[in-house]
Amino acid sequence: MNSIYVRRKSDEPSTVKIIIISLVIFTIIVFLGVFSLMLLSGYELKDLINIFFDYRNLLSPITIRYSIVIALLSLAFLINVAGGFINLGGEGLIALSMLAFLIASVYNLGIFTAFVLSILLLILWASIPYISKVYLESSDVLISFLQNFIALFIINHIVTHVFRGELARPRSPPIDPSINLHYISQDNILYNYLGRVSIESIIVLLVAVVFLTYLLSRTKIGYSLRLLSYSTKTASISGVNIPRTIFLNLLMSAILISFASAELLLGGERKIFYNENAKIGIGSMSFGLGYVSLSIAILSIRKPYISLLYSYILALGYMMVFSSYGFYRLILGVAIVGLSLLSVLLSELLLRYEVRLNWRLKH
Amino acid sequence: MAFETLILQILSMGSILIFGILGEILSERSGVVNLGIEGSIALGAASAYAATIYFDNCLIGLFLGTLSGVLPAFLLILLSVYLPLNMIVVGITSSSIFSAVSIVIGNLVPRLPQKRLILSSEEFTIYLIFMISLMSSALLYIVMRQRIGLIIRSVGEDPYTAYSMGINIWRIRTLSTITSGFLGGLVGSLMILMPMVSVIWREGLTSGWGYILVAITPASLWNPLIGALLGIFMGMISFLSIAIQTSGLIPLSTDLASLLPYLLAVFLYVLIRGLFLRKLIAAPRALAKEFVLEERYE
């Protein structure tokens, strides 16, 4: 007789255990998956090894820059997940935030107004799936996911017909130099590591990690969020102010997403590009970071500081994508999202469930 | 665009979508939200394209494309039916992985315009497939009212009670998800082989249609006959946007026209499921809920 035994563990796994198991699973799943796909596509094994085991990527400023962007995004989604909102609309939210910076640039509104505009836009956009879930019992995952396509097509329309920078190609005009973040100067000793990331993003990230760790475990807001994620009815009976909790949740995540988007837009080419067919993943302006960040958020829900480690690992994964080219880059960009989500799911399974498989012959 | 051509295109796209909606209705009736159908469609399209080019026969392409749609469903079955992992996240995972696999498969053969599935004429093929899709809806409607349909519905409503009555939950959910995967593969294959729908295969050709199908399924109230009407309606929307642009009646950019199906899917989903559904008919109560017993034997 074949039997499968599944039981949810009652105790919470330790931080060390979470780190070790998820690191091992991520390494196995992502590397094996990527290796097989690339080899099937005709990639040379020698080139593949050169890309994957390039030690220069470990502390390169680009790896650190993407680690910080992913960490900011994962903390933003972590707040959402803590409040019971599985937000798969990250790609669309990043694009909309970039749009807010573009509008502020076109009308000379300044960096502060750009952030305010971005936060307001993101709160409004993300409130659709969240409110639908809380009050109408709709699937937040599905609605937020479909919103990505809607947002990306709207952005495409805007950069083609409303704020078109060049006549030859549909893309936005460059963001005005007055809208900028502050970077470490080249004289500084840290420039070789942190030269590509803004000081504001580093500070916001460090504050957010400490603040969220405290907020989610020790405060009444954290308690309200957990109750809301458990059940709207329970939260309501327990005296939780549901609209206020939803607003605070969306506000905090919108601030973090705005900083991540600013980092991507203002630290990069400072233009919004046309995204043909509203591709999600490597073809988009945010490289599919909206998805991978959610997977980190789900895994580090109880311990926000763990998201820093996962973000760094995923940034290394992204360095693989950026090191490859053309057709291979496309495959990797699509695969890395699914593979990283799969690694998160399997880590969840191993950490929180007891699964035993007994294979015996039938008598 | 000629009116007759528009009607034929709507019927082509409509019949393709009907198959997808039927697959999703079947799996959702048993409590499984098959978001991996996006992966089934992508893989089905790429496999059908590669097989048609390789064997120079579109019937073999259709068969292999349909068959390949089962692979993403297997991942969902393993992780969410037999193991207790969130089926929404597993569905998206499965879709992402198999979309990447579909890019690999689609690029294994040279980029050539492949043959279309044309039996005696384009019109005849479209009408035939449309009739088959309508008959499938009617068949599923009848099946859901038989004993097997009752079993499937009971698994989707209350798996624990069904289990105590001796029904094998995992087997029923596995069968319905596999069928959904098959139909997803068929959708992908037809998207590439059906006359008047698409041209040469490219990456992201089927992008997003699987998720749209999942989003609009609740609007069918899980009734295969309403599902058929919904399929035709969505087919109409997808081609109407193109017709509006080409006719120049409404000044709508390509991008705004392209977002119409997504916008409509969200609108229908929120409106039907959230506002009307609770008063009209209840969704399967165990929808998207994993079934976990402390210990089980098979």
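Visitor: How are H9(A) and H11(A) oriented to each other, roughly parallel or roughly perpendicular?

Guide: Keep in mind that this is a predicted model. Helix H9 (residues 220-230) and helix H11 (residues 242-266) of chain A pack at an angle of about 105°. Angles of 65 to 115 degrees count as roughly perpendicular, so H9(A) and H11(A) are roughly perpendicular to each other. Their axes are 10 Å apart.

Visitor: Which residues make that contact?

Guide: From H9(A), A:Ile221, A:Ser224, A:Leu225 and A:Leu228 take part. H11(A) brings A:Ile242, A:Thr245, A:Leu248 and A:Asn249. By class, the contact of H9(A) with H11(A) has five nonpolar residues, three polar ones and no charged ones.

Visitor: OK, and H5(A) against H11(A): what's the crossing angle there?

Guide: Roughly 135°, with the axes of helix H5 (residues 110-136) of chain A and H11(A) coming within 8 Å. That angle makes H5(A) oblique to H11(A).

Visitor: Is the crossing of H5(A) and H11(A) left-handed or right-handed?

Guide: The crossing of H5(A) and H11(A) is right-handed.

Visitor: Which residues of H5(A) and H11(A) meet?

Guide: On H5(A), A:Phe115, A:Ile119, A:Leu122 and A:Tyr130 are among them. On H11(A), the residues include A:Ile242, A:Leu250, A:Ala254 and A:Ser261. The contact of H5(A) with H11(A) divides into 15 nonpolar, four polar and no charged residues.

Visitor: Switching topic. Where does A:Phe163 lie?

Guide: In the loop between helix H6 (140-162) and helix H7 (191-194) of chain A.

Visitor: Does A:Phe163 count as buried or partly exposed, and why?

Guide: Partly exposed, because A:Phe163 has 16 C-beta neighbours inside 10 Å. A residue needs 20 or more to be buried.

Visitor: What does A:Phe163 touch?

Guide: Leaving out residues up to four places away in sequence, A:Phe163 touches A:Leu102, A:Val106, A:Ile158, A:Ser172 and A:Pro173. As for A:Ile128, 35 residues from A:Phe163 along the chain, the two C-alpha atoms are separated by 26 Å.

Visitor: Now the other chain. How many residues of chain B are in contact with chain A?

Guide: There are 44 from chain B, in contact with 46 residues of chain A. Several elements of chain B each supply at least two residues to that side, including helix H4 (70-82), helix H13 (260-280) and strand E1 (295-297).

Visitor: Which element gives the largest share of the side of chain B that touches chain A?

Guide: H5(B), with 11 residues. By class, the side of chain B that touches chain A has 27 nonpolar, 10 polar and seven charged residues.

Technical notes. Residues numbered from 1 in each chain as written. Chains lettered and ligands numbered in written order. Predicted model: local features only at pLDDT ≥ 70, side-chain atom pairs only at ≥ 80, totals over all residues. Axes fitted to C-alpha atoms, helices over the stretch in contact; angles between N-to-C directions. Helix = DSSP H or I, 4+ residues; strand = E, 2+ residues; numbered from the N terminus. Parallel < 35°, antiparallel > 145°, perpendicular 65-115°, else oblique. Contact = placed C-beta atoms within 7 Å. Nonpolar A, V, L, I, M, F, W, Y, C, P; charged D, E, K, R; others polar. Buried ≥ 20, exposed ≤ 12 C-beta atoms within 10 Å, placed from the backbone. Left-handed = near helix turned anticlockwise from the far one by under 90°.
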